[in-house]
Amino acid sequence: MLIEVSNLTKKFNDFTAVDNISFAVKAGEVLVLLGTSGCGKTTTLKMINRLIEPTCGEIRIEGKNVRAQKPEKLRKRIGYVIQNIGLFPHYTVEENIAIVPKL
């Protein structure tokens, strides 16, 4: 598996943003997180690249637990695409996508 998420939960005080989700993505597959605003899509992605830490659960990329890796090295390997306010309207789609890898 390329990405494995097992029993992932994120709580902010008494609010549960992500509640015990699990999924796996094989190399070459495309995964879409689809849902209404506030359902936990961005929180899940932020936990995968360690912008925020999960309350519980496990995330593995290529079999390695992300918590055992330095966040900055992990992010360089997996990337991250910015949405909405992070996009530059004067850039092309290609230029916007290339911002994070260039950093």
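## Backbone, sheet and contacts

Directly after helix 1 comes arginine 50, a residue with a positive phi near 65°. The model is a predicted one, and every value given here is computed from it.

**Salt bridges around arginine 50**

Arginine 50 counts as buried, because its relative accessibility is 13%, and it forms a salt bridge with glutamate 53 in which the closest N and O atoms are 2.9 Å apart. Glutamate 53 counts as partly exposed, at 32% relative accessibility. Glutamate 53 also forms a salt bridge with arginine 67, where the closest N and O atoms are 4.0 Å apart. This second pair links distant parts of the chain, since glutamate 53 sits in the loop between helix 1 (41–48) and strand 3 (56–61), while arginine 67 sits in the loop between strand 4 and helix 2 (71–78), 14 residues apart. Arginine 67 has a relative accessibility of 41% and therefore counts as partly exposed.

A further salt bridge joins the side chains of arginine 77 and glutamate 62, with 2.6 Å from N to O. Arginine 77 belongs to helix 2 and glutamate 62 to the loop between strand 3 and strand 4, so this pair ties together parts that are 15 residues apart in sequence. Arginine 77 is partly exposed, with a relative accessible area of 42%. Through shared partners, salt bridges join Arg50, Glu53 and Arg67 into one network. The structure holds four salt bridges, among them the three tabulated here.

| Salt bridge | N to O distance |
|---|---|
| Arginine 50 – glutamate 53 | 2.9 Å |
| Glutamate 53 – arginine 67 | 4.0 Å |
| Arginine 77 – glutamate 62 | 2.6 Å |

Four strands make up an open sheet with the order 2-1-3-4 and antiparallel pairing. Strand 2 (15–25) and strand 4 (64–65) are the edge strands, each of which pairs on one side only. Strand 1 (residues 3–12) pairs with strand 2 in the antiparallel sense over seven bridges, and strand 1 pairs with strand 3, again in the antiparallel sense, over five bridges.

Strand 1 and strand 2 form a hairpin with two residues between them, and asparagine 13 in the turn has a positive phi of about 55°. On the side of strand 2, lysine 11 stands opposite threonine 16, and lysine 10 stands opposite valine 18. On the side of strand 3, the bridge partner of threonine 9 is cysteine 56.

The buried residues in helix 1 are Thr43, Thr44, Met47 and Ile48. Viewed down the axis of helix 1, the buried residues fall within an arc of 140°, so they line one face of the helix. The buried residues of helix 1 pack against strand 1, strand 2, strand 3 and helix 2.

In soluble globular proteins, nonpolar side chains tend to be buried together. Here the largest nonpolar core has 12 residues, namely Ile3, Val5, Leu8, Val18, Phe23, Val25, Met47, Ile48, Ile59, Ile61, Val66 and Leu74. Strand 1, strand 2, helix 1 and strand 3 are the elements that give two or more residues to this core.

**Cysteines**

Note on methods:
Residues are numbered from 1 along each chain as its sequence is written. This is a predicted model: local features need pLDDT of at least 70, side-chain atom pairs count only at pLDDT 80 or more; totals for chains, interfaces and linings use all residues. Side-chain values use heavy atoms; hydrogens and water are left out. Two strands pair if DSSP finds at least two bridges between them. Buried means under 20% relative accessible area, exposed over 50%, partly exposed in between (1.4 Å probe, protein chains only). The arc is that of the directions from the helix axis to the C-beta atoms. Contact means heavy atoms within 4.5 Å. A nonpolar core is a set of buried Ala, Val, Leu, Ile, Met, Phe, Trp, Tyr and Cys residues joined through side-chain atoms within 4.5 Å.
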